[in-house]
There are 6 protein chains.
Amino acid sequence: MKKVVTLGEIMLRLSSPDHNRFVQTDRFDACYGGGEANVCVSLVNYGLDARFVTRVPSHEIGQSAVNALQRFGVDTRHIARGGERLGIYFLESGASQRPSKVIYDRAHSAIAEADTSEFNWKEIFDGVDWFHFTGITPALGEKATKITMEACEAAKAANVTVSVDLNFRKKLWSSEKANQVMSKLMPYVDVCIGNEEDAEKVFGIKAEDTDVDHGQINHEAYEDVAKQLIERFGFKYVASTLRESYSASDNGWSAMLYDGEQSYLSKKYDVRIIDRVGGGDSFASGLIYGLVTEQPLQEALEFAVAASALKHTIHGDFNLVSKEEVEVLTQGDGSGRVQR
Amino acid sequence: MKKVVTLGEIMLRLSSPDHNRFVQTDRFDACYGGGEANVCVSLVNYGLDARFVTRVPSHEIGQSAVNALQRFGVDTRHIARGGERLGIYFLESGASQRPSKVIYDRAHSAIAEADTSEFNWKEIFDGVDWFHFTGITPALGEKATKITMEACEAAKAANVTVSVDLNFRKKLWSSEKANQVMSKLMPYVDVCIGNEEDAEKVFGIKAEDTDVDHGQINHEAYEDVAKQLIERFGFKYVASTLRESYSASDNGWSAMLYDGEQSYLSKKYDVRIIDRVGGGDSFASGLIYGLVTEQPLQEALEFAVAASALKHTIHGDFNLVSKEEVEVLTQGDGSGRVQR
Amino acid sequence: MKKVVTLGEIMLRLSSPDHNRFVQTDRFDACYGGGEANVCVSLVNYGLDARFVTRVPSHEIGQSAVNALQRFGVDTRHIARGGERLGIYFLESGASQRPSKVIYDRAHSAIAEADTSEFNWKEIFDGVDWFHFTGITPALGEKATKITMEACEAAKAANVTVSVDLNFRKKLWSSEKANQVMSKLMPYVDVCIGNEEDAEKVFGIKAEDTDVDHGQINHEAYEDVAKQLIERFGFKYVASTLRESYSASDNGWSAMLYDGEQSYLSKKYDVRIIDRVGGGDSFASGLIYGLVTEQPLQEALEFAVAASALKHTIHGDFNLVSKEEVEVLTQGDGSGRVQR
Amino acid sequence: MKKVVTLGEIMLRLSSPDHNRFVQTDRFDACYGGGEANVCVSLVNYGLDARFVTRVPSHEIGQSAVNALQRFGVDTRHIARGGERLGIYFLESGASQRPSKVIYDRAHSAIAEADTSEFNWKEIFDGVDWFHFTGITPALGEKATKITMEACEAAKAANVTVSVDLNFRKKLWSSEKANQVMSKLMPYVDVCIGNEEDAEKVFGIKAEDTDVDHGQINHEAYEDVAKQLIERFGFKYVASTLRESYSASDNGWSAMLYDGEQSYLSKKYDVRIIDRVGGGDSFASGLIYGLVTEQPLQEALEFAVAASALKHTIHGDFNLVSKEEVEVLTQGDGSGRVQR
Amino acid sequence: MKKVVTLGEIMLRLSSPDHNRFVQTDRFDACYGGGEANVCVSLVNYGLDARFVTRVPSHEIGQSAVNALQRFGVDTRHIARGGERLGIYFLESGASQRPSKVIYDRAHSAIAEADTSEFNWKEIFDGVDWFHFTGITPALGEKATKITMEACEAAKAANVTVSVDLNFRKKLWSSEKANQVMSKLMPYVDVCIGNEEDAEKVFGIKAEDTDVDHGQINHEAYEDVAKQLIERFGFKYVASTLRESYSASDNGWSAMLYDGEQSYLSKKYDVRIIDRVGGGDSFASGLIYGLVTEQPLQEALEFAVAASALKHTIHGDFNLVSKEEVEVLTQGDGSGRVQR
Amino acid sequence: MKKVVTLGEIMLRLSSPDHNRFVQTDRFDACYGGGEANVCVSLVNYGLDARFVTRVPSHEIGQSAVNALQRFGVDTRHIARGGERLGIYFLESGASQRPSKVIYDRAHSAIAEADTSEFNWKEIFDGVDWFHFTGITPALGEKATKITMEACEAAKAANVTVSVDLNFRKKLWSSEKANQVMSKLMPYVDVCIGNEEDAEKVFGIKAEDTDVDHGQINHEAYEDVAKQLIERFGFKYVASTLRESYSASDNGWSAMLYDGEQSYLSKKYDVRIIDRVGGGDSFASGLIYGLVTEQPLQEALEFAVAASALKHTIHGDFNLVSKEEVEVLTQGDGSGRVQR
């Protein structure tokens, strides 16, 4: 069984139920999630070993985040305890022309204020095949950047494949700062994942002639971006999700993968959205699964896209689907007929 | 007022709320339902007398199933008490490309282990016009098969019209077993109802050139199936629902009726799905209502299809619509304008 | 900051949750609303001063209605206390072909039995720029008609612009009665707002060649209606919402405005409906906002239509959106991308 | 099987969940109840036939009230349809020193405006053993008084035993009016039931030296009241519940019965209150059950008190306990040990 | 009408419903509260004008806190906008031997990082009679201490009576720090309120011979503490709540007031607890109400204690009771009889 | 860190919320539990390693049971997959004089039909210190008896201490059958735990002169029972919980422990009950914790009783308390003061 490690922040997510606006709710549904944690849950669901590395405060809210991971079988033994608070994000679910809204309350979180000494990377990467992080982790601040850097170094030293999801967050850092920090981390990366905008927002590499809000996707432009990324950083693979936002309720969803020579384009799904948070993470985890288990590239890509199409129908950050369920969809049954 | 009797199993239905997956819910919405019970509720809603015959355990969960029927006016006086448990089914509601999922936990139920001596068919069919059962009842096992057979005999002896909904359930029996048992029951049947696949699954009678998962419906093929069914079993009418599963959220829904000479085709509805369980039952009850009240065949069919289109918008197994509401739809108002 | 006054009834709204039918619910979600109250909430959200005038019983249910308005900043100081009951309406939310259903239980309400002496119009209109009422208020009965008439007179005396939303309710009065009463109030009105049917239902003025249930909208016909209204009553502006009811789940939504010389046509939105109650009120308040703040007519209209498109995605009667959120939509971003 | 008829109003009850105050709730739990309806449900639970007579509006809220009764097996065939509204009462559940609060919104209800011609008393009382009404029904107004009077006459003519629960409601009528109306109805009554205060509030007959708020119960005084009642009206039995209100959370609960010669005193229960609405009705139905099935007086009384002690632990107006459950308590097991 | 100003923090309170532990909940009930905000709500409920001064972030969670105050009529015009986050506290409700648990996540809140320049004290205290703050506000940090100091100075300059609730919070500061800061604020204070432990925790002034956990209250000791406080700081009045914690479900609750010459002792209530957060604030607001409206001291004290006894039965931080409801209890009706 | 293994059934528990009766609920709260699983969760909470051995069906309901254990850190690697169904129990929570009610629907469960070959005992007991089972497991049937026997043999062979909780369930087997089967298992047992009635119900060993329903506990009698048990089976320790059922809402709770020479009696707690299911299991796990970590006997006993007193305040089968929380209570703080 392949082993994957991810590093990042897990937050308490507080969402107003049933599409209610923040100002009208007197109740929040609570779950836990974050890009890298979400990837771990998916990988365990697909049958791999996955270890999540972070730091949570040693109170019950911190413990609840750990429990949420354990519930689905994620290895939490290397989660450090300490710090003042667990990061929080508030989520208001949109509909039709009304966009979903996220309010972050994650500053000063336990992981953002963690020290490199709290993680034993040698032990963490022992026997591990793959390491994944996202652009969010270094964006949390100096300390988190340093931790990410050490993790990358240790991963490389242990001969572990490294993937990154660029995941640019404008509320966490500027494009300039992102470019500066991420450029130092990219040399360790083998597989680079992003959405339509990340390459431009992080590295200033543009996908020409695309208008992501209105959904005409220019695949050649994306291939061009991928090519530039590989030229600049020497990645083995570059993958990008391609979201067409018709409205907050309906999206088109596909992806492409470029291996330096050839670009692979996935099937496109029209998804009716229940919860699109974690869509990118479910793609990343599907792709990691496909690559680490050495599937052909087109298959790996289709698995990743189908997995993340399904994610859009599931509440919470975690993509609670099995390998078998994804495969039913990649094999063409999107009819939604009742399974009994 | 016409009187209808149905025989079958009523189960406790436990559904995870709000499209949640089984593995993430800590609460189940509870209601009660089953093919034949659902038919009774509809018929009472349309103004007929309807009596449901089954057996439930003599504890509060059993009583709750009886109460659920009484609430809507179903005659429950001939429900036997005894046995160990009420059958249960778990329902996870899908969306978009993710199908709904049913887990049955119905083995060893009170009705599956009932004895024929517990039902006084003479009394049950006294003054009754119509008897309806589905393929699920004999599929519950030897004892239930025997009860169904006795009910059919008694119905015929009492000059009661008999209808069946083939309702093949692969988790309950094989096609071979179904063919063998159902073939013995069909001689008692006047009206045979099914979906696109039932005739093939139960009797090996094929609708050629149809691809139900992708929705191109070949009406001639269905007429051919109906013709074969009438030839083999001498039914007076054969009806079939025609579902086009675009996704778990949206379906096309129509039906056809064949009277041995002519086939009638209904209007097609594109339904946005709230809950599609009981869709077939709501069609059957609409058709029974139309036929027992001697409506012209096209009208009876349109009533049945409109009724079941509405069912797709209602939570639970029961189709809680009135005759007037169905008629508004058959008369063309599907605009959904607020009624105030 | 502009000041607006509205006069009308605020009711307790009891809605069955999650599309449940009345006969299956054992719980009602409770909120408060009514055409004119809804307008006030929107105007406060857009940054204006808004005062709501009504009468509520002096018990906790009455107080809760007042609190609901205060919560969003509406000025409630001129709400009279007395009477026996707060009007109630029950709401069942439809889906697909099943229409939403409203049961009114509003007879004998506090405002319907209020006396003109309970309102100090001079004080109420002090420093006020705009007065708005709807056809529902005089429809509540003799006393409410008299109050509405006095309010109109006082508004005119205070040099306040007056708008009406015709809002015909067939359960409250006949077209004849409406015509007779409303015709006496129209001389005070500067801006007349309605939906596709109101002009005909209230004044017998027809929009020819339109079939609102099936959505082919004939804009010329509506312009003709507006022209007739202006000719008869001397309004400055006439505006009409144009709803295309594809189903209870999906509607087309646009509007037109006529200034006696030219007709302005808005963009059309295809809305996926969460809650369409208050759609017309959200249009009226958007338009009042645009006009009272002296926006160009096309802009005012687009603001009003975008605002009410958003309303369709929000539970409750109140349109809980900010000016900024409406402007994002009028500026073309209906993609529903997550705001983070 | 004994048959009982009751006549009265059934209301929609809207209660704020979880002890919330009216001004803080945005949701109401909905159920249906009313003194005489509650009695019917209990009697069916104990195995008798019970028929409830009232009038409800012919809309879904009215139908839901009927369904609520049918669910538990009450005979609803003689419920008339018509009128404008179903009476409503709002319930806020208290705790400790904070009392529960009821806001009635029941004026103009369907039954209050019913006509005597809508009820066929001859058919209603055919084969019936017992008729029960409460002081609330005539308090609803002239029409309801007339209906009650006709019902009493018809009951007597049909040789049916008649019981009344005095149930004085100061918001419905004054003591004077109550005395005048009830005094005309009492000649038809065989069994008179009340609480500690009813005899004084309705007939001015005082229980001396009692202080019901602080719970020292003077049984001799109650016997004296009972004696006076029998002297004035010739009842066969007089029964009174004896509530000691320690707080909104804890009450003492017992009762006495007087047969003109001897007074019987029940065991006292200290009840932890979940929902005390319907406490008196559950006593009345327990007593009717005991008397109509000809139990010894002490037993009948103990059954009635135990039944109503249990009612205090059950949400809603209806006392959902079986005869067996009451008997376990009368036989002394109030230990609350888990039944498994 | 008397006007009162309070200054402090309002937080988002996230409580697990129904006594659930943090680690088992997937939902939080959300409301808003904080010592000084709670006082404002009570005072408005009693009929006074109350203005709350704080700072909230300019996003929807901040706005929701403001709305929560507006809903009950608190004047929010002087709430500043800015900063990063609204303070949060998580609440787990205990029972029996299991204590309630609070996890604070309030560091870096908008008010803790506010600047004195954001408040116009002259305007804030214009026409105001009373100013109230608690020891929590200066405990938030340097900036908040400075703001509190300026507020005190401005209040004194405007001839406003000043009260403090000592409210020691060990997680916010040490006793030493508290002593040092609070000692500088006390010269502005006229009325000093605390619980049994505050005087010792803040100023090292001991109530001898008391054992608050086991509830034997030594009133003389408390009088002695009050005397010492007056001697040291020159207060006009000192008041203390006296809680006897029998368990997390049941408490004894009373209070004493000392005017420098005489000590007044209140009635004691045994309260069954629904929610005890805000108990002290409800006492403070009751006392302020009594004193600002110039009630006799014993009456003011009884009002305050009765008000806070009622608070223990109400969910949320706010004490949603009216003056009339408190007076019913002070006049001796704690029987909890249903009010209808 | 000590390692403990338990063997038994984990069931889906379906409880009606908020004290509702089965016949009135339309929703069930779902959690998972069972005597031996509950013990594991507690032990992990106290810091030990705990492994649960059972068999669950390989569908999502089975997986959810496994996830529930993983969430709190239980080692689930030795749970076998297979069989048809997960056992279910329905729970209705009582109050005051109304007892809680359990309906079992556990026949034919996966573990009841498991085969001994599905468990590798050698691996399971590798490095393990303690093995615990209850009388429920062998009561599930022949197969489960055989599995239990093999487990006991393997435990002994591996030098593991064995404890049993007698846990007699009359719905699973008769006293005779229990005596016969359990007598064969007892030779492997070192520590025998039960409640007041188990020794008599299982082995016919009587505690004289006790009346458990009314709570006068005769400690000498229990010591006598313990002595007889040790004489007959050679246990090292015998422990018994001592419940005094005042009502379904309030119980007295204590325990005794006998070591063959001396009997230890615990403090008694009066508990206000939130959920008493799992009370005995929480005692057993507390005692195992104390004994396996070699605490003095009185301390171990007090820990066990305090732990289970706390359990009564927690929803669900699992006792979600930490070692520290239990110790606060054993050290005497049962005041329930808010922890902040």
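In the predicted model, the contact between chain E and chain C draws on 5 residues from chain E and 5 residues from chain C. On the side of chain E that touches chain C, these residues divide into 3 polar, 1 charged and 1 nonpolar.

The relation between copies was examined for chains A and C. Chain C is superposed on chain A by a rotation of 120° with 0.0 Å of shift along the axis, at an RMSD of 0.0 Å, which is the relation of a three-fold axis. Among the residues of chain C, C:D18 comes closest to this rotation axis, its C-alpha lying at 5.0 Å.

Chains B and F contribute to an open sheet of 8 strands with mixed pairing, in the order β8(B)-β7(B)-β2(B)-β3(B)-β3(F)-β2(F)-β7(F)-β8(F). Within chain F, strand β2 (residues 11-15) pairs with strand β3 (residues 27-33) in the antiparallel sense over 5 bridges, and the bridge partner of F:R13 in β3(F) is F:C31.

Helix α2 (residues 60-71) of chain B lies across strands of both chains, namely β2 (11-15) and β3 (27-33) of chain B together with β7 (88-92) and β8 of chain F.

Note on methods
Residues numbered from 1 in each chain as written. Chains lettered and ligands numbered in written order. Predicted model: local features only at pLDDT ≥ 70, side-chain atom pairs only at ≥ 80, totals over all residues. Contact = placed C-beta atoms within 7 Å. Nonpolar A, V, L, I, M, F, W, Y, C, P; charged D, E, K, R; others polar. Pairing = 2+ DSSP bridges. Helix = DSSP H or I, 4+ residues; strand = E, 2+ residues; numbered from the N terminus. Axes fitted to C-alpha atoms, helices over the stretch in contact; angles between N-to-C directions. Least-squares fit on C-alpha atoms with pLDDT ≥ 70 in both.
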